[in-house]
Amino acid sequence: MRTIFCVVLCLLSGQSLAGGEIVPTDDPGSDCVAATIATRRSAANRTYDEAYCSVNKDPTAYRTCLKNAAANPTIAFFTDRCGDAEDGAYVSFNGQTHQVRRKSESPHRLVRYAGTYTGEGVSVRVVPGKLIERFVEDGEVLGVTHSVDVFITRGGETVKIPAIYDDRR
């Protein structure tokens with residue numbers, strides 16, 4: 001009974017039993033203002049924050065880097081970096097960024113990233129949930145935030161990541 005409870009708990013939390021957990025990490029991105037998909041920062045991000053901040057050889061700079069990373073409550077892990085549709089999109093997890101290309105058209109009028117993407121041994125499926133907020137100024141829609149579920153598959157492992165799509169300009 002205890003084993004069944006643990007398996008159910010792992011599945012509900014979106015974690016893998018395989019041990020090779022997929023942890024969303026920040027996309028290094030570009031300077032453009034692109035739509036993103038972001039999720040909550042978790043304790044699992046600490047390992048990747050430490051690796052990222054380790055380029056700072058000065059202990060004070062290293063601690064400041066970690067403090068700044070921890071202060072940001074979200075991880076923007078999926079974006080197109082303002083690229084053309086043919087350029088695909090970028091998904092970042094476990095400290096690496098993977099370029100993926102769309103395999104199915106967006107079936108959703110508000111969530112441009114909805115659909116399936118593949119590339120570099122990774123498959124990503126973005127499934128829209130509910131509209132959170134529409135941003136309108138002088139009658140013009142400037143963007144939306146929308147709940148999404150992102151399913152990332154690599155090496156036989158799939159995780160479901162509850163996230164927020166944000167395309168405000």
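Let's start with Asp 80 and Arg 112, whose side chains meet in a salt bridge with 2.8 Å from N to O. A salt bridge here is a side-chain nitrogen of Lys or Arg within 4 Å of a carboxyl oxygen of Asp or Glu. Asp 80 sits in the loop between strands E2 (74–79) and E3 (89–93), and Arg 112 in the loop between strands E4 (96–102) and E5 (115–119), so the pair ties together parts 32 residues apart in sequence. Strands (E, at least two residues) and helices (H or I, at least four) are DSSP runs, numbered from the N terminus.

Asp 80 is buried at 9% relative accessibility, while Arg 112, at 42%, is partly exposed. Buried means under 20% relative accessible area, exposed over 50%, and partly exposed in between (1.4 Å probe, protein chains only).

## How to read the model

This is a predicted model, where local features need pLDDT of at least 70 and side-chain atom pairs 80 or more, while totals for chains, interfaces and linings use all residues. Residues are numbered from 1 along each chain as its sequence is written, and side-chain values use heavy atoms, leaving out hydrogens and water.

The whole structure holds 7 salt bridges. One of them joins Arg 41 to Asp 49, with the closest N and O atoms 2.8 Å apart, and both residues are buried. Asp 26 is linked with Arg 41 and Asp 49 in a network of salt bridges.

Which residues of H3 are buried? They are Cys 65, Leu 66 and Ala 69. On the other side of H3, you will find Arg 63, Lys 67, Asn 68 and Ala 71 exposed.
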